[in-house]
Amino acid sequence: MGDLFANLYFGFSVSLAPYNLLACFMGVFVGTAIGVLPGLGPVATMSLLLPITIKMEPTAAIIIMAGVFYGAMYGGSTTSILLNLPGEASSVVTTLDGYQMARQGRAGPALAICAWGSFIAGTLGVLGITLMAPALAEMAVKIGPPELVALLCLSFLLVVQFSGGSRPRAAASALLGFLLSTVGLDPVESTPRYDFGTFTLMDGVGFAPLVIGLFGISEVLINLEKSEKMEVFKGRIKGLWPTRQDWRDSAPAIGRGSVVGFFMGILPGMGTIVPPFLSYSLERRISKKPEKFGTGVIEGVAGPEAANNSATAGSMIPLLTLGIAPSAAVAVLTAAFLTHGVQPGPLLITEHPAIFWGVVTSMYTGNALLLLLNLPLVGMWARLLTVPYRYLWPMILLFCGIGAYSVSNNPVDVLLMAVFGLLGYMMRKLNYPGAPLVLAFVLGRLFEEKVRQSLVISRGSYETFIAHPLALLAWIASAILLLYPFFMRGKSAPHFPPEEEE
Amino acid sequence: MPRRSLLFLFVVALICLPVKSAHSAKYPGYPVQFIISFPPGGPGDTTIRIIHPALQKNFGGAIQLVNKPGAGGAIAYTYVKKAKPDGYTILSTMSAPLTVGTALRTLSFGLDDYEYIGAYAFGATGIVSKPDMRWKNLDGLLAYIKKNPGKLNYGTSGAPTAPYLTMAAILAMQGLKATPVHYKGSGPARNAALGGHVDFSAGGFGAMQALIRAGKLVGLAITDNARDPKFPKIPTLKEKGLGRASIGLWAGLWAPKGTPKAVLDKLSAALKKTANDPAVVKKLNKAGFRVEFVDGAGAKKLARQDHETSKEIMKAVGIKKK
């Protein structure tokens, strides 16, 4: 333990040096900014920053890049809440209750609780890295394809329950997501599927065009068909800061979200997208008023926002201790290490202690800086809603287009975005929720890959899926989840939130 | 009236401006775009980003790096093939889509659609397993597979990749059987071996080095021409008499067919100077690459050779072109 404090002291002596502190501030500032802009995600930004940081000290360069990564999680919620347009893929869930809060004039508290929740979760996550990084990384590697299949199933079941409206509609939406995830080269034999002979679809449908179209474009379309004087909400902004009751409601949600996000972030493929979904369904499951979810309850904002932040910390663990990148954003971070001639991996901590501890401690500082940066912005963002919609929507469309294009610099992605915008519009008109589609799309690819890998390894024997204790545990939990409503029938069967009135 | 003609002149000037600079004798008149066929963080992305500052200086002009990932590199290769051969669109990537990819699939580009500027960074396929397996080296592994035909699983960096072809070729040459499990890239394949989900893995050597140095994985063999000075204990396939299974994995620069020779020479000279810069060499080595400058003609020969080897292996293993 004494060692740990010595290491932390050493780390802070590196990360608080003026140059590195400035790097940290730059990183989180850029992160917040691109988090706010829909589509322009941390992956694209970090890769744009790579050539700029190449001339800097390695420690400062990596501090900056990491700052962009977790800073984006702070900003991502802003447009989710204000415009029903997720700034980052990880903020899709935040739209459900965050946007409803904004329509009730409570954008201020929603934004503020996001900043606080992110801060608390981010700090807890870094604490997690500091205390148990090596042990956790070893464990994550032990989780093989069959266990992941079971865990994916469990995650999916957990999440399917939350979406508003009817269950068959949620299931239909999820099914469509699964189908979309099969477009492109199959994950094992690399046989092209449903690509119509085009190169663009060979890699499958892009995630950015899908999410931006489904949420951003469709929201604009829906709003435009309403009256000319449309605003996100009418009336006065009711208070900028969370009330005491808000805090009482959100604090436990933030705690649970932090834990869920941190551990999910370590797993390969989960990234920062799945944890917020899980946190949301968890909050709804244990809430005393599950029927209120989707109408603007603050726990539904606080939990997921905490989860996506601690997930960034979780996903840094495999990188720092094994040199493994569990998500695209972390892969760019790996490149940042490599371009500076530093190899992330088990020897990082002994070979480059200044970098390891400097980066880890900079994340404490960075989270504090983000809180200071974001809280004053709350008032400004909340006032943005008073701008007439006729000025807002062309800007939203522009940023959507930039976002869809910038991920792989491919103009066809902008077209795809438009197509998904229409699909999203139709789905909303017919009251089909979009979130299950997105989640199924993300999980679908991973699910197929892992099922097929498991079966190749086991020579086609399905026993492999229950042969591992962790997998078995996940299956049992899934079964309980499936049967739970039948046992609870008559008592307090969970109600679904009322369908959103148009 | 004078105002209007002034405006007219201004507009004419505006229209002429970019055209004029494009045709000006000096190259580069404006930034040159390097198209990278990998997403940020991929092997072909890391190599060019490492040399970018030095290359820019030696080239004497601005170079923009643009990632156009997708379809195993086909999007970027096709984009550059169709680009204007004026020296402002250059392909910067790994050789595999051109050499291995065109052998495995019918694609809209081929070896002869480009001008070769040069190669600078060479990677290898590495074969690794955990240290506590029943074999300690490649011979031991092959002997074990012989005694247990069809029992072992090995991870690969993907079905259409050179490491898979190499491993399949080794097994075919020895008349052995083991089951490939395809992962998405060298990192996940390596992790599968590390976690004990497969018995051994074949993937890009660069991705394996940190874990080999830490003693968590053992390097059984690499495909390069000579041993890696950082890992003198890992033998090459060539030494083992399995050299025919080696497919080169190298980073280089290409230009659209018909690009003026002066442009190619200028870029080639800048690349040569950069590849001889000790600071650049050191960084590329750390990232897992061997550095050697090979000129355009040499690179073209290498590509042809890798392409033929891939086709031979496919024939021997029984993989059909899709």
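In strand β8 of chain B, B:Ser201 is the bridge partner of B:Val128. This pair belongs to a predicted model, in which local features need pLDDT of at least 70 and side-chain atom pairs count only at pLDDT 80 or more, while totals for chains, interfaces and linings use all residues. Residues are numbered from 1 along each chain as its sequence is written, and chains are lettered from A and ligands numbered from 1 in the order in which they are written. Helices (H or I, at least four residues) and strands (E, at least two) are DSSP runs, numbered from the N terminus.

**The sheet of chain B**

- Strand β5 (residues 125–129) and strand β8 (residues 200–204) of chain B pair in the antiparallel sense over four bridges; two strands pair if DSSP finds at least two bridges between them.
- Five strands of chain B form an open sheet with mixed pairing, in the order β7-β6-β8-β5-β9.
- From one strand to the next, the twist averages 25°.
- Helix α6 (residues 162–174) of chain B packs on the sheet and touches β5, β6 (153–156), β7 and β8 of chain B. The direction of this helix makes about 135° with that of β8(B). Axes are lines fitted to C-alpha atoms, for helices over the stretch in contact, and angles run from 0 to 180 degrees between N-to-C directions.

**The two domains of chain B**

- Chain B is divided into domain 1 (30–122 + 248–315) and domain 2 (125–247), with bounds that come from an automatic or database domain assignment.
- Taken over C-alpha atoms, the centres of the two domains of chain B are separated by 26 Å.
- In chain B, 17 residues of domain 1 are in contact with 14 residues of domain 2; contact means that the C-beta atoms of two residues, placed from the backbone, lie within 7 Å.
- On the domain 1 side, α4 (96–104) and α11 (296–317) of chain B each supply at least two residues.
- That side of domain 1 has nine nonpolar, six polar and two charged residues. Here Ala, Val, Leu, Ile, Met, Phe, Trp, Tyr, Cys and Pro count as nonpolar, Asp, Glu, Lys and Arg as charged, and the others, Gly among them, as polar.

**Packed helices**

- Helix α2 (residues 43–59) and helix α10 (residues 278–286) of chain B pack at about 165°, with axes 10 Å apart. They are therefore roughly antiparallel to each other, a term for angles over 145 degrees.
- B:Thr47, B:Ile50, B:Ile51 and B:Ala54 of α2(B) make this contact with B:Val280, B:Lys283 and B:Leu284 of α10(B). These residues divide into five nonpolar, one polar and one charged.
- In chain A, the axes of helix α10 (residues 244–266) and helix α11 (residues 274–286) come within 9 Å and cross at roughly 145°.
- Residues that meet here include A:Gly257 and A:Gly261 in α10(A) and A:Leu278 and A:Leu282 in α11(A).

**Where the chains touch**

- How many residues of chain A are in contact with chain B? There are 41, facing 43 residues of chain B.
- α3 (42–53), α6 (107–142), α13 (328–339) and α19 (435–457) of chain A each supply at least two residues to the chain A side.
- Of these, α13(A) gives the most, with seven residues.
- By class, the chain A side has 22 nonpolar, 14 polar and five charged residues.

Conventions:
Angles under 35 degrees count as roughly parallel, over 145 as roughly antiparallel, 65 to 115 as roughly perpendicular and the rest as oblique.
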